[in-house]
Amino acid sequence: MTAELITEGGLTRRGVPLIDGIEKVTGRARYTADLDHVGALIGRILRSPVSHGDIVRLDVSKARALEGVFAVVTGDDCPHTYGVLPVAMNEYPMARQRVRYRGEPIAAVAAIDAETAERAIDLIEMELRPLPAYYTSEEARALGATLLHDNKPGNIEREVHHGFGDWQLGFANADLVREEKISCAEVNHAQIEPHACLMDYDPTTERLTVQTVSQVGYYVHLMLARCLEMDSSRIRMVQPFIGGGFGARVEVLNFEIITALLARAATGKVLMLLSREETFLTHRARPQTDIKLRLGMRRDGRITACACEVVQRGGAYAGYGIVTILYAGALLQGLYEIPALRYDGYRVYANLPPCGAMRGHGAVDTRHAFECLLDRMARDLGLDPFAVRRANLLHAPTRTLNDLMVNSCGLAECLDRVEHASGWRDRLGKLPKGKGLGMACSHYVSGAAKPIHWTGEPHAVVNVRLDFDGGITALTGAADIGQGSSTMVAIAVSETLGVALNRVRVISADSALTPKDNGAYSSRITFMVGSAAIDAAKKLKVILVEAAARKLEASPDDIEVLGETFRIGSGTQASLPFAEVVKVALVDRGAITVSGTFTCPPEAQGGRHKGGAVGSTMGFSYAAQVVEASVDDATGIVTVDKVWTALDCGHAINPLAVEGQIQGSVWMGMGQALCEETRYLEGLPAHASLLEYRVPTIAESPPIEVHIVESHDPYGPFGAKEASEGALGGFAPALVNAIANAIGIDLNELPVTPDRVMEALIRRRRQARLASSLKAAS
């Protein structure tokens, strides 16, 4: 089934293909590795062979002396730390004095070709003094453990303790209190394009041109200026096509700074193409997470209190960790009415590659635990899972206990849609042996209401330009990483102006041409950049209407715009085509450029408690899901038979793209639930390729029936909210709940691999035999 929307007029809205789709499917799209690198040197990185150790000696003299080597850099060439958060920059592009994970960069070379670069790497001599290494949160937090960072006692990057309402009283008033411990494995983004960048340094002008895979060119721009001690005006960020990100490329990554250092040292162009293994090492994955969750519930299904403890294994450096551990607690709220809540979060250092943001940043694992426990308590009380969710619905507009603003909420309709479409009431408990149904809900932010780098500038800026040819160009710094943001901008401009979509051209993410944008993260672009695009188009429309009024000798208030025709009111023949209006508008002024902006108001920017800005947003998307699954009790293999999902995205600006984003988020949730897991052997990734790292293939991908729900947010562009992350968090718990329905076993570890399912089945059989023996003996 496709996601069709029926408008008030009875017409079906399907949306339009992405404006860059033809380039991608024909192979014309140029990704970083496809760029013109004639004359470029090849970069290679020397990485640490140990997980933790002091650098005793590093000698690069032989590498420098090798013919064909133009530059060698080490940690001594960059004394500055970098990072996404100004308060948590504790990572160097290349290790200085100490290495903290296996694969951490130590030195790099730029040479005439790959073979010479690799020979130079082999010539670098180093001596490391091993230190104790810790690969689990428990080991790193143990009494007496060696500190990864001297200023972080207990190897804790950040601990969070938040309390809202009287949670102790809430548990006392509950008819049922239940606690579960749930563990979620670390998972990788597994974007199809490996990391790559092309840096070109011109020694004459002292300018650096950067082309890289980043989701946030602005952050790269800032960190290159910091680490290379360059005036930022001498750096140009140009965004090529990007083969996916999912959060992996939100942060500035070490290889980007290293390549810039090499380009400057070599006074030329350097291409750095990371292997898939190196891309896994430079991952910023969703952290391995242990959750202890306790809920209180009344007999009618109403939640009375929540207490949650989260421990995240964050890797060797801070990265986005502070935000991730705050998100994990903040987004417990915003989905249901929770009268009291206690949250304790711990972000722990370990000798592994640093983790960071991943689609559904911070919220996915805690949502999984919450939805699983909610189902189990519903079962204990003899309540239907849908009834329990409905008993705790938020009613917009409202504010949560932690002061998150909720302006629209279509979760009730989402529940209705998937309950009806899946035949829940008629089919639950009546499927063949080994088959089950499960459901869950989820939500996500439409952009962070408070930017990380607070400068006082608008949260989004879009410039719209009109010239003599009648072409309209929208200039945005927002990177389209495959989510269709450039198409959204084009639609926003064309719909506001009333012109044909093919009249609008979008130029994105070139710092020499486009205004700065805060980046592609936390699903912010539709809400913020879309609003700025509409603002700019409205301003241009005013100019065009005034021009038409002058030509028609009428008041601007009397001008009607019907598509690309401007006329005086109704019932008159006096009108002008768009081309004529453009000519009039350009008289005495030439090409017109207008600027549109968007800024989240202070009341949307979260509570006043420490970390209160994290989780704040202008609008939440809401999703409900039903999963039908089969479990083979002979092999432990879980098969997803079908998924029904409904997402409240406010308003689907482009329904075709929204449907694709929902399907993609469900599919990514399926990967985390079924098979994806980053394992390490003494700090070395056990499966650092897409052959060994299991993501679902088309063979495992079930039919996904998408239902788009429109709650029309009062502040969103055309009423829209985010659509690409809200459905992800509901899949894993819906699957685990379906497995429980199928075989009567609750699983507390993700992913639910066949070995884990078989262990649970065997454990139950042993317990049954033991109980039978005890009964016989008595």
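Trainee: In which hand does α6 pass α7, right or left?
Mentor: The crossing is right-handed, a word used if the near helix is turned clockwise from the far one by less than a right angle, anticlockwise being left-handed. A word on the source: this is a predicted model, where local features need pLDDT of at least 70, side-chain atom pairs count only at pLDDT 80 or more, and totals for chains, interfaces and linings use all residues. Residues are numbered from 1 along each chain as its sequence is written, and side-chain values use heavy atoms, without hydrogens and water.

Trainee: Why is α6 called oblique to α7?
Mentor: Helix α6 (residues 217-227) and helix α7 (residues 254-266) pack at about 50 degrees, their axes 10 Å apart. That angle makes α6 oblique to α7, because under 35 degrees counts as roughly parallel, over 145 as roughly antiparallel, 65 to 115 as roughly perpendicular, and the rest as oblique. The helices are DSSP runs of H or I with at least four residues, while strands are E runs of at least two.

Trainee: What makes β9 and β17 a pair?
Mentor: Two strands pair if DSSP finds at least two bridges between them, and β9 and β17 (residues 341-349) have eight, in the antiparallel sense. One of the bridges joins valine 160 to glycine 345 in β17.

Trainee: Where does β9 stand in its sheet?
Mentor: The open, mixed sheet has six strands in the order β9-β17-β16-β15-β10-β33. β9 (156-164) and β33 (749-750) are at the edges, each with a single partner strand, so one side of each lacks a neighbour in the sheet.

Trainee: What makes a space a cavity and not a pocket?
Mentor: On a 1 Å grid over the protein atoms alone, a cavity is a set of points where a 1.4 Å probe fits but cannot get out, whereas a pocket is an open set with protein on both sides within 12 Å along at least five of seven lines. The count here is five cavities of 30 Å³ or more.

Trainee: Which residues lie nearest the centre of the largest cavity?
Mentor: They are His162, Gly329, Ala330, Asn402 and His609, out of 14 lining residues; a lining residue has an atom within 4 Å of a point. Helix α9 (321-330) is among the elements giving at least two residues to this lining, and α9 gives the most, with three.

Definitions and conventions
Axes are lines fitted to C-alpha atoms, for helices over the stretch in contact, and angles run from 0 to 180 degrees between N-to-C directions. Grid points are joined across faces, edges and corners, and a volume is the space filled by probe spheres set on the points.
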